Structures are given as C-alpha cells and as structure tokens.
Amino acid sequence: VGELNQIKDLTEFERRYAFIEKHLRNGKVYLETFRGSQTIAGERLFEIKSFFEKKGIRTAGGLTTVGHDAAGSFGSLCYSSPAQMKALQAAVEFTAGFFDEIILDDFYFTNCKCPLCIAEKGDRSWSAYRMERLGEVTRETIIGPAHRVNPGVRLICKFPNWYEGFQETGYDLEHRPWQFDGIYTGTETR
C-alpha cells in the first residue's frame, strides 16, 4: 500500500511500468489496501485498479496485518484490541468492495503479548490461545464482513514457508485452511 500511495502521476507510472511489460508478461496483480496503519483512498485505488485492468491484467486485493509495538518495533496486530480489530474489519470491508479476491499476507499471525492478550490467554498455552483467537477473527472480522459486502468474494490465506513454529503464532494448519476459499504458500525466499 505504501508503494501504491507513492503513485502520484499515472502517466509517469505508465512510463515506468512499460519497462516491466517489456521484460515480463503479467496476468495478475495483488493491490495491497492495508498494512497496519497504512491504507489507500478509494478513488486512488480505483484509478490504479483500472490502470491494470485496461491492460488486461486481473486484480485482487491484499491485506497485510502487521503492527508495531510502543517502541516502534515490528510485530503483529493485537487481535485482542477492539480498536485494531475495528480497523482490520474496516479494511476487509473496504477491500471486498473493490475486489472479488483478497489474499491475506503471511503476516496474518500474532506474536502479541500485551496485557490484553495475557488476560485473554488465561491459563491456556500461547499456541492454544492464539489458534483459537485467530479462528474467531477469521470468522467474525474477516470472512463474515467480507461476504456481507461482496457475497462472491474469495478469501485466500497465504501461509508462510519461513517459520516452523506455525501454531506458536496462531497458524492452525488443521482448521484454518478450511475456513478460507484457498491457501497459498511456497514462492518466497528470505
């Protein structure tokens, strides 16, 4: 979304994109609408989406659920925070209004240990709490609102291939894939 917000002049972007077209055939782009506190205005998103569609390139929405702690360090969203869940739901609804497919980036996890999360966790293990909480968020904050806005929207969860302790951060490989219309993984290197 930061890159999309930097596109100020579509004529200049067209010139720069011509280099990519010269060397690469592109059939689909994911346009990120939300990354933590960064979003994009609807009018701008419509212009950029239209730019690609006029070239015959399919578009889909993307959401990246990252956050930052009080010190500004990288982290996940706090899935216990009503304010952050309200912002995530608004982003989901906004994105579903533009696209028939949305992918959740592989940052759809939680490593938050704030007082709210500690209180909600109770006596459960972090794995048990986080898998249960992300299951609830997937149903109530992502899938339900997206389908209310766009009943035909397909939701895809991108699972990471960069971390072995999936369950420690809330990834439930037994149940989560069945909540989504599709899953994606496997093409990143770090």
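Tutor: I103 has I156 as its bridge partner in β7. The model is predicted, so local features are described only where pLDDT is at least 70 and side-chain atom pairs only at pLDDT 80 or more, whereas totals for chains, interfaces and linings use all residues. Residues are numbered from 1 along each chain as its sequence is written, and side-chain values rest on heavy atoms, without hydrogens or water.

Student: What makes β6 and β7 a pair, and in which sense do they run?

Tutor: Two strands pair if DSSP finds at least two bridges between them. A strand here is a DSSP run of E with at least two residues, a helix is a run of H or I with at least four, and both are numbered from the N terminus. Strand β6 (residues 101-104) and strand β7 (residues 154-158) have four bridges and are parallel, so by that rule they form a pair. Along them, E101 stands opposite R154, and L104 has C157 as its partner.

Student: What is the order of the whole sheet, and what makes a strand an edge strand?

Tutor: The sheet is open, with six strands in the order β2-β1-β3-β6-β7-β8 and mixed pairing. β2 (38-39) and β8 (182-184) are the edge strands, since each pairs on one side only.

Student: What do T33 and C117 show under the rule of accessible area?

Tutor: T33, with 1%, is therefore buried, and C117, with 2%, is buried as well. T33 lies in strand β1, and its contacts beyond four places in sequence include Q38, L45, L63, A91 and F99.

Student: How do you know whether β6 and β7 are enclosed?

Tutor: In β6, E101 and I103 are buried on one side and I102 and L104 on the other, and both faces are covered. In a regular strand the side chains alternate between the two faces of the sheet. Four of the five residues of β7 are buried, so β7 is largely enclosed by the rest of the structure.

Student: How do you know what span α3 should have?

Tutor: The expected span is 1.5 Å times one less than the number of residues. The 13 residues of α3 should therefore span 18 Å, and the end C-alpha atoms are 18 Å apart, in agreement. After α3 comes G56, with a positive phi near 80°.

Student: Where does α3 lie, and how is its direction set against that of β1?

Tutor: Axes are lines fitted to C-alpha atoms, for helices over the stretch in contact, and angles between N-to-C directions run from 0 to 180 degrees. Helix α3 (residues 42-54) lies across β1 (28-35) and β3, at about 170° to β1. Helix α4 (residues 82-96) also packs on the sheet, touching β1, β3 and β6, at about 150° to β1. The buried residues of α3 include L45, I48, F51 and F52; among the elements covering them are α1 (2-6) and α2 (10-23).

Student: What makes a space a pocket, and what volume has the largest pocket?

Tutor: On a 1 Å grid over the protein atoms alone, a pocket is an open set of points with protein on both sides within 12 Å along at least five of seven lines, whereas in a cavity a 1.4 Å probe fits but cannot get out; lining residues have an atom within 4 Å of a point. Grid points are joined across faces, edges and corners, and the volume is the space filled by probe spheres set on them. The largest pocket has about 370 Å³. Its lining has 14 residues, with E3, L4, F13, I20 and F52 nearest the centre, and α1, α2 and β1 each supply at least two.

Notes:
Contact means heavy atoms within 4.5 Å. Buried means under 20% relative accessible area, exposed over 50%, partly exposed in between (1.4 Å probe, protein chains only).
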